[in-house]
Amino acid sequence: MAAAKLSEFGVNHVAKGIGRLSKEVIESGAGSYVKMMSGKRFLDFTSGIGVTNLGHCHPAVTKAAQAQVGTIVHGQVNIAFQKSYLELVEAMLPLMPHKSLDTFFFWNSGAEAVEAAVKLARHATKKQNIIVMQGSYHGRTFGTMAMTRSKTIYGLGYSPLMPGVFSVPFPYCSQCSVAKASDGKHNFENCCMDPITQLELLLQRETAPQDTAALFIEPVLGEGGYVPPPKEYMARLREICDKNKILLVCDEVQCGYGRTGKMFAVEHWGVRPDILIMAKGIANGFPLSAIASSKELMDTQPPGTMGGTYAGNAVSCAAGVAVAKAFKDESILDNVNARGAELRQTLQAAKDDPKTSKCAPGKGYASKIQAKCMEKGMLTLTTSIYDTLRFIPPLNITKEDMAEGCRILKEAIEEVAEGAQSDVKQSHTKTD
Ligand SMILES: Cc1ncc(COP(=O)(O)O)c(C=O)c1O
């Protein structure tokens with residue numbers, strides 16, 4: 001069937017509830033690039049929303065998955081142990097940010113792993129309520145819709161959702177009203193720590209510690225705007241959780257597995273999570289998610305309460321083993337830090353350049369730059385309720401591909417700034 005015909009036919013039969021960036025049809029991917037059926041090729045700074053973090057069709061991951069497909073595809077976890085599952089446990093153990101995280105449960109999606117963490121937290125503590133961060137994203141299932149606080153669209157029209165979920169502000173210093181009113185006294189370097197006060201108040205006013213099982217946090221806010229917390233914040237959360245016997249659950253589905261330059265984002269603050277949630281990049285595109293916790297906590301769950309037909313699929317686990325090996329063999333974290341510095345330099349230069357920093361692009365600035373990038377052959381994503389562009393290039397992107405991405409981004413920023421300036425000039429001319 002001709003390319004255009006195939007896509008036209010299928011498009012009319014796909015659920016409308018799926019939003020998407022482009023109407024193109026993805027045909028193939030290799031490394032940092034995806035190719036569309038239209039013949040267009042894009043530098044992929046989305047990595048399928050932080051999934052193909054070692055690039056599309058990473059050779060070692062593909063090879064491991066192909067070998068597993070020819071060995072056994074589905075070795076169901078409630079029937080027996082499975083070889084690639086156990087190999088993945090062994091491969092992930094040394095990567096954990098704390099030695100207490102020594103026991104694993106695998107599922108398929110990130111949302112399922114978040115729900116597994118809720119189940120474990122409730123079961124282990126014999127308490128019900130959970131606290132989440134405003135701005136957080138945890139998924140689209142009924143449990144996780146109730147926990148997602150990044151945009152109202154995710155829960156719109158689907159109530160009633162899971163009860164017992166309370167929220168507190170994330171320390172989003174660049175948007176914080178206390179910081180804005182402080183005349184420069186408070187900022188990211190000198191946070192007012194109001195979100196900690198708000199948490200303490202929440203535990204007094206709305207959900208008592210005796211009723212609160214866990215506090216869930218993305219250590220770097222993902223969908224909410226790619227926001228790291230200020231220096232002392234995570235340690236303060238750990239103290240509050242310890243004092244009130246509340247489990248600290250870190251959702252590193254998006255910020256984990258190398259994305260921040262360390263294997264896990266919590267390592268930046270040396271804080272121990274009681275439960276760590278992982279998905280997305282752990283199998284580079286094969287459906288796989290995981291929670292890790294202490295054996296003591298995990299063993300509180302009686303056999304039969306956890307599982308799932310596809311949980312810890314053999315092919316996904318084999319891919320996961322290859323991913324973990326690639327991190328070591330290819331010094332992925334070194335590349336993240338080197339390429340990350342180059343991207344940061346481009347952004348800093350745009351900020352320092354009076355032509356681009358002084359323009360008044362107005363609302364929709366991020367979407368305009370995103371559209372320009374796309375015209376120029378690069379996919380990026382926006383995020384959060386604010387004007388935010390997010391960059392999720394593969395962690396093993398080459399220096400050359402990063403340079404190309406930075407060139408496109410610089411041009412896109414400049415062209416949007418020029419457009420904004422000429423809009424301003426035209427409006428002056430009209431009113432003069
Ligand atoms: C932090 C975080 N948690 C959970 C999820 C849900 O993962 P999934 O889409 O695989 O269900 C996401 C997805 O973007 C995420 O970013």
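**A tour from the ligand to the open sheet**

Begin at the ligand: one of its nitrogen atoms is 2.7 Å from an N or O atom in the side chain of D251. That is a polar contact, meaning a pair of N or O atoms within 3.5 Å. This is a predicted model, in which local features need pLDDT of at least 70 and side-chain atom pairs count only at pLDDT 80 or more, while totals for chains, interfaces and linings use all residues. Residues are numbered from 1 along each chain as its sequence is written, and side-chain values use heavy atoms, with hydrogens and water left out.

Next, select K280. A polar side-chain atom of K280 is 3.0 Å from an oxygen atom of the ligand. Then select G110, where a polar backbone atom lies 2.8 Å from a ligand oxygen. On its own the ligand has 390 Å² of accessible area, and the protein covers 83% of it (Shrake-Rupley method, 1.4 Å probe).

Now show the residues around the ligand, those with a heavy atom within 4 Å of it: S109, G110, A111, Y137, H138, G139, E218, D251, V253, Q254 and K280. By class, this shell has three nonpolar, five polar and three charged residues; Gly counts as polar and Tyr as nonpolar.

From G110, move along helix α5, residues 110-125. Helices here are DSSP runs of H or I with at least four residues, and strands are runs of E with at least two, numbered from the N terminus.

Colour the buried residues of α5: G110, A111, A113, V114, A116, A117, V118, L120 and A121. Buried means under 20% relative accessible area (1.4 Å probe, protein chains only). After α5 comes K126, which has a positive phi near 60°.

Last, select the open sheet of four strands, ordered β1-β2-β3-β11 with mixed pairing. Two strands pair if DSSP finds at least two bridges between them. The edge strands, β1 (26-30) and β11 (378-379), each pair on one side only.

- β1 and β2 (residues 33-36) are antiparallel over four bridges, with G29 opposite V34 in β2.
- Their hairpin has two residues between the strands, and G31 takes a positive phi near 60° there.
- β3 (residues 41-44) and β11 pair in the parallel sense over two bridges; D44 has L379 in β11 as its bridge partner.

How values were computed: The expected span of a helix is 1.5 Å times one less than its number of residues. Buried means under 20% relative accessible area, exposed over 50%, partly exposed in between (1.4 Å probe, protein chains only). A polar contact is a pair of N or O atoms within 3.5 Å; within protein, one must be able to donate a hydrogen and the other to accept it, and residues adjacent in sequence count only if both atoms are side-chain atoms.
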